[in-house]
Amino acid sequence: MLRYTVRRLLISAPILLVGSLLAFFMVAAAGNPAAEMRGRPGVTEAQVKALESSMGLDQPIIVRYWNWLVDFLGGDWGQSIALGQAKVDVFDSTMRALWITVRLVVGAEVLAILLGVTLGVLAAVKQYSFLDYLATSSAFLVFSMPVICVAVILKNYGIQFNNVLESMGMDRWLSTVSPATGGFQGDFGEQVFKYTGTYLLPTLTLALISFAAYSRFQRAAMLETLHSDYVRTARAKGISQSRVIFRHAFRNAMIPVATLFSLNSAALLSGAIVTETVFGWRGMGHLLVQSIRSFDPYMLMGWLMVTATLVVLFNLAADILYGILDPRIRLA
């Protein structure tokens, strides 16, 4: 298993290097951030040239990439150069946004996995039952709805629920804006009350969308496994139904779900743009939108590299899970 993991790690390093090169070239091809100054009142061509020189934009693109890569690997991700805004450190801003999104995504993924896998297995075992139809209909209903619709509906119901609480003389519970800076104050009970109220709606939004996909994948994989030859052989030997399901079928049926989990988690962590926008969270999605709007190349590169690293790491985690779930994979 260790050799299998090391081999996957060695493959991931050149993938990240090639990804950084492609990302840098795409960001550079998007335009010159200093060109926006041209034509502004009181701005001379010499000032524009000086800004381009300070950014290194007057150098060949391959030289600029090499300089950026050396600094990036050394921990210097550069400074935000968005015109008209205060200069901020790209690393600090990216890590701060990533931590905000991590707190949102972890709870959503745990809830989605538990609910989706459980319902998927039950729907497959009880195929064509009322539970199967209910789980399938619910999954298709949620999966067919755009994320923004789910987010807006939950936010609207959250506001109405708060109004009901307020009319009863109670404090508003569900937060529809970004979490408070500096953490939650008060005793343990008050902190739990504020924490759950802040995270419930955006977490539920992401969890519902992910749950639908996990449920459908798990049901399809479980049905295929339950009709395989080795499961029929296990049943013919008189092995109990519960042992057949959890010891023989469930483990192999988790392989497609592991793939979906790795891709879905990386996508959510890299930027749950719609959900963060609706609920006012300043996470990775908000950072991406602001970087594009102000055309901040260093901030964009920081976002892209964090995203690429997350995708590679979660795919590595999926490969390791494959090896755990099916030893034949790591011996191939």
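Author: A salt bridge is a side-chain nitrogen of Lys or Arg within 4 Å of a carboxyl oxygen of Asp or Glu. This is a predicted model, where local features need pLDDT of at least 70, side-chain atom pairs count only at pLDDT 80 or more, and totals for chains, interfaces and linings use all residues. Residues are numbered from 1 along each chain as its sequence is written, and side-chain values use heavy atoms, with hydrogens and water left out.

Reader: How many salt bridges does this rule give?

Author: Side chains of opposite charge can pair when their charged atoms come close. The count here is 3 salt bridges. One of them joins aspartate 229 to arginine 232, with the closest N and O atoms 2.5 Å apart.

Reader: Where do aspartate 229 and arginine 232 lie?

Author: Helices are DSSP runs (H or I, at least four residues), numbered from the N terminus. Both residues are in helix 8 (residues 229-236), 3 residues apart, about one turn of the helix.

Reader: Is aspartate 229 buried or exposed?

Author: Buried means under 20% relative accessible area, exposed over 50%, and partly exposed in between (1.4 Å probe, protein chains only). Aspartate 229 has 55% relative accessibility, so this residue counts as exposed. Arginine 232, at 44%, counts as partly exposed.

Reader: Which parts does the salt bridge of arginine 219 and aspartate 132 tie together?

Author: The closest N and O atoms of arginine 219 and aspartate 132 are 2.8 Å apart. Arginine 219 lies in helix 7 (residues 188-226) and aspartate 132 in helix 5 (residues 130-143), so the pair ties together parts that are 87 residues apart in sequence. Arginine 219 and aspartate 132 are both buried.

Reader: Which residue pairs with arginine 172?

Author: Arginine 172 forms a salt bridge with glutamate 166, and their closest N and O atoms are 3.0 Å apart. Arginine 172 is partly exposed, with a relative accessible area of 37%; glutamate 166 is partly exposed too, at 46%.

Reader: What does threonine 275 contact?

Author: Contact means heavy atoms within 4.5 Å. Leaving aside neighbours within four places in sequence, threonine 275 is in contact with Val147, Pro202, Thr205 and Leu206. Threonine 275 sits in helix 10 (residues 273-279) and, because its relative accessibility is 2%, counts as buried.

Conventions. Helices (H or I, at least four residues) and strands (E, at least two) are DSSP runs, numbered from the N terminus.
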